[in-house]
Amino acid sequence: MDMVSSEAGKSAGVKEFDVVVVGAGFAGLAALHYLREKMGYKTRVIEAGSQAGGTWYWNRYPGARCDVESLQYSLAISPEVEQEWNWSERFATQDEILRYTQFAVDRLDLARDIDFNTRVASAIHNDQDDSWAVTTEQGEVYRCRWLIMAAGPLSTPNIPDFPGLDTFKGEFYHTGMWPKEPVSFAGKRVVQIGTGSSGVQIAQEISKDAAQHYVLQRTAHHIIPAGNRPLNPGEQEEIKRRYPELRDFWQTLIGATFYQSLPSDPPLVPGDKSIFDVTAEERKKIFDGAWAYGGYAFQRAFPDALKTKEASTLAGDYIASKIRETVKDPATAEKLISTQYFGTKRVILDTNYYSIFNQDNVELVDVKGDPIDRITETGVRLKSGREIEADMIVCATGFDAMTGSLTRMEIRGRDGLLLKDAWADGPKSYLGIMINGFPGMFVIGGPQSCSALANVITANEQQVDWICKAITWLDDNGYTSIEPTIEAENAWVNRCNELADATIYTKGDSWYLGSNIPGKPRRFLLYVAGYPGYKAETEEVAAKGYEGFVLDKARELS
Ligand code: N01
């Protein structure tokens, strides 16, 4: 179906599509495949990078690796891709995931409908005919009936506004914008700022070669072992044989991912007993088993570990004991122990981070106690007056999460409403997919979705499925517009807030709450009740004829 080409009002030079998708990460690729192959829609993906891959394209810093098991962190949309690709390790490196993405792009012939090296500047809704005009930074205009934003939840790097940053004469990098050219740490004095997931991974690479490595930590995060290893003989083959059954099973789990590859494996952790219903010895035994198994087994060892401060403290205490066992200098060990409740920040998977602090060339610098005053020409000055000389500064300072990739574009909806203004008091959406005031614009991985709290590829594919079915239904019924009511949106946001308030997530500071960005309203940005609940709630809305949405037929379809 190519309805666009038959519409009036086309302008010279304007490219016309049924659907424009912004972003060629996993979400954008899944959307393109679905729209093209299952629906036959004229679709264009606009991508800022020179290659598909989204987060795995930009975050090419040394040490980058996924924290979801590779056999589960893959697209389900194509049985061919699923069967023909071979993973090498339990948790894949950035490089391997990018090669996998390229394999999927080639196998599904996706590149012919993607414009690379093209960044979107604005997306403006036309209230007369319910179309969207998407303009790139190069000035090209794409017109479409439906717009899908798949620009990523963690894709707008946060470079803090350190005074003097522009005066620094050495090398400067952010993990989320890592150059393609090799970067050498050898023999250099390297200051690393930030100790979240990215910081913990790159720290181990920097510390291997740097003459001196200063790790500037503002807050200690909780880190548990990944237990990475090469895949066992036969493991991949069995999963491949059983993918349809296993993918259905994984979808029933809270994070749409499992800490054991096979449901038939003997359970390593019961996962269903309250942390308070076991003796201290039993609790330790369960934690020991989960710790040894690796991955998020530890986080899921007790169902209530993320529910109350008391439960979270028990998990945190166990991690503290492991840090004290590993780090030789007691003062450094104490600094590395998180004072946040376990789970308030994203729990990090890793293997050797704590032990780098036993090396002579690595120093942990507490920049909460002695904050960064300014960047100088030659390094970093702390408030105490201490000068840290550096040849290189690496910012692992995270992202303007969930909203940054949207608000940095000029997105104008009904009556010229600017998205940034609509979200001035905090982002709002209905189902984490659509926004009042922005008809016909769908978001994948947006605020109040469950995306970043689940296996994000599975979450993306579920949203793609929902959106594409909605578009099919709208077109089949002659609707040209869909927009959530303000009441439905408010109810969804309130529900997400209530769900989050009943957990540990809102009892600390994190990008989940926007509190990592100065001035960003503190709001919990995700749906916490888990993937199965999210899927059920969104599908119920669709089954009820898109309850909570206003549907319109402003434009005549031919
Ligand atoms: O970012 P972060 P990230 N002065 O926000 C510090 C995913 N991911 O890129 O905690 C000094 O977690 C900040 O300190 P504080 C994953 O979902 C996954 O590491 O705000 N320090 C913090 O330590 C993850 O959660 C993978 O006090 C400053 C750090 O910078 C998400 O991406 C790998 C500062 C930022 O940590 C983001 O992770 C990588 C300042 N002004 C990322 N500003 C895997 O799959 C910030 N910081 C394994």
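User: Let's start with E16: is it buried or exposed?

Analyst: The general idea is a cut-off on relative accessible area: buried means under 20%, exposed over 50%, and partly exposed in between, with a 1.4 Å probe and protein chains only. E16 has 8% relative accessibility, so it counts as buried. It is found in strand β1; helices (H or I, at least four residues) and strands (E, at least two) are DSSP runs, numbered from the N terminus.

User: Which side chain does the side chain of E16 make a polar contact with?

Analyst: A polar contact is a pair of N or O atoms within 3.5 Å; within protein, one must be able to donate a hydrogen and the other to accept it, and residues adjacent in sequence count only if both atoms are side-chain atoms. Here the partner of E16 is the side chain of R143, at 2.7 Å.

User: What should I keep in mind about the source of these values?

Analyst: This is a predicted model, where local features need pLDDT of at least 70 and side-chain atom pairs count only at pLDDT 80 or more, while totals for chains, interfaces and linings use all residues. Residues are numbered from 1 along each chain as its sequence is written, and side-chain values use heavy atoms, with hydrogens and water left out.

User: How many salt bridges does the structure hold?

Analyst: Side chains of opposite charge can pair when their charged atoms come close. The criterion is a side-chain nitrogen of Lys or Arg within 4 Å of a carboxyl oxygen of Asp or Glu. By that rule the structure holds 40 salt bridges. One of them pairs the side chains of D18 and R145, at 3.4 Å from N to O. This pair links distant parts of the chain: D18 sits in strand β1 (residues 15-22) and R145 in strand β6 (residues 141-149), 127 residues apart.

User: Where do D95 and R99 lie?

Analyst: Both are in helix α4 (residues 94-107), four residues apart, which is about one turn of the helix.

User: What about K544: which residue does it form a salt bridge with?

Analyst: K544 pairs with E547, and the closest N and O atoms are 3.9 Å apart. K544 is partly exposed, with a relative accessible area of 46%, and E547 is partly exposed at 42%. Elsewhere, salt bridges that share partners join K15, R36, E37, R44, D109, R112, D113, D115 and E140 into one network.

User: Now the cysteines: how many disulfides does a search find?

Analyst: A disulfide is a pair of cysteine sulfur atoms within 2.5 Å. Searching the whole structure gives zero. For C468, which is in no disulfide, the nearest cysteine sulfur is that of C144, 14 Å away. C468 is buried, with a relative accessible area of 1%. C395 counts as buried at 0%, and C450 does so at 2%. C450 is found in the loop between β18 (441-443) and α13 (456-476).

User: Which residues come nearest to the ligand?

Analyst: A residue is near a molecule if one of its heavy atoms lies within 4 Å of it. Of the 24 residues around the ligand, S198, R218, T219, K345 and W511 come nearest. Helix α5 (residues 197-209) gives the largest share of the shell, three residues.
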